[in-house]
Amino acid sequence: MYNIIGDIMKKKKIIKNIFILILLLILFLIFKYWLFDFIICAFVLFIAYLVYIGIPVISNIISKKNVATYNYSKFDFDKDIDYFRDLLLQYSLAELYYVDNLYINENLIGVCTILKLKLEKYVDIDDNGIKIINNDFSNLKKSEIYILNLIDNGKIYTVDYKLKDIIIEEAKDNGLIKTVDNNKKMYINKKILLLLVGLCLTILTTIFFIKFISDFFLKFVLIFLFNFLLWIFIAYYLRSYKYYSNNSYKRTKEGEELNKKLEGLKAFLKDFGNLDEKNISNLVLWEEYLIFACLFGINTFIYKKISKFVQFKNIII
């Protein structure tokens, strides 16, 4: 299964890149016929390719908290929140992460869940991968059982779309989130319109600078700077539309209370015990505190070590 999914993803990525190259070649021929300048045509297409590869990068750099504030509360941004020291073990790590962030990072949730299951002696982790050592799952949460069942040949390497539904189901069953009626179609149309406006502005301003700026170097600098700033702006709002249209749930009153506790626990762990410096061998001593430090992104070392065995992938063409 591991190799089959990897081969599928590689083939789809190759097909995608071939398609992009063909499209760029067609655009090059059109611009060459229109502008009669090989260097300028090549530069325009290079800018277009930078825009193509740059939007996802820029979008991921932009903080998700800055673009989804409509579903967040003041506790998400309160820097002086009181410490909360109790561990919230009655919930799964997956639903706690979702209540905290209102989005899902499958890889991080998978790693932290596997780490918790190691502490509880359901799995063992070595250089060869993850091994299930206890098959009695009766006391586990739904998301934990689902993640365990994804282990194949010591790894979780899957194209998965069901984990999110399971996490949301857990949170809804515990009364932590409720449905929000977002008009998703409207925001998809706005994204398409924004992309078309950006594309038109890129083409028109590029033609303007080429025709009316005589200095060769200044022409290229202006084209680059204008399009770079334009597409950073567009990427920001595309990210905003993504979360506004996809976040169809918000916290209930109980969810807000839990989120306040999570923010307090996060603040406590950041200031306590140098948990960012611990490794997986310290799990026996620090137990759930170290797991929560990983879940909150305080400790990234353990995540990097285990994530090679836990990879949720999305196939996109």
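Which residues is Leu283 in contact with, leaving aside its neighbours within four places in sequence? Select Leu283 to begin; the partners to display are Leu115, Lys118, Leu119, Leu290 and Ile291, where contact means heavy atoms within 4.5 Å.

The model under view is predicted: local features need pLDDT of at least 70, side-chain atom pairs count only at pLDDT 80 or more, and totals for chains, interfaces and linings use all residues. Residues are numbered from 1 along each chain as its sequence is written, and side-chain values use heavy atoms, with hydrogens and water left out.

**Stop 1: Leu283**

Leu283 lies in helix H10; helices (H or I, at least four residues) and strands (E, at least two) are DSSP runs, numbered from the N terminus. With a relative accessible area of 4%, Leu283 is buried. Here buried means under 20% relative accessible area, exposed means over 50%, and partly exposed lies in between, for a 1.4 Å probe and protein chains only.

**Stop 2: Glu287**

Phi of Glu287 is near 50 degrees, a positive value in a residue other than glycine. Most residues other than glycine have a negative phi. Glu287 counts as partly exposed, at 38% relative accessibility.

**Stop 3: Cys112 and Cys294**

Select the sulfur atoms of Cys112 and Cys294. For Cys112, the closest cysteine sulfur is that of Cys294, at 5.3 Å, which is too far for a bond. A disulfide is a pair of cysteine sulfur atoms within 2.5 Å, and a search of the whole structure finds zero of them. Cys112 counts as buried at 0% relative accessibility, and Cys294 counts as buried at 1%.

**Stop 4: helix H3**

Colour residues 93-101, which form helix H3. Nine of the nine residues are buried, so H3 is largely enclosed by the rest of the structure. Among the buried residues are Glu95, Tyr97, Tyr98 and Asp100. Continue to Leu102, which follows H3 and has a positive phi, near 60 degrees.

**Stop 5: Asn153**

Finish in the loop between helix H5 (142-149) and strand S3 (156-159), which holds Asn153. Is Asn153 buried or exposed? At 63% relative accessibility, Asn153 counts as exposed. Its phi is near 55 degrees, a positive value in a residue other than glycine.
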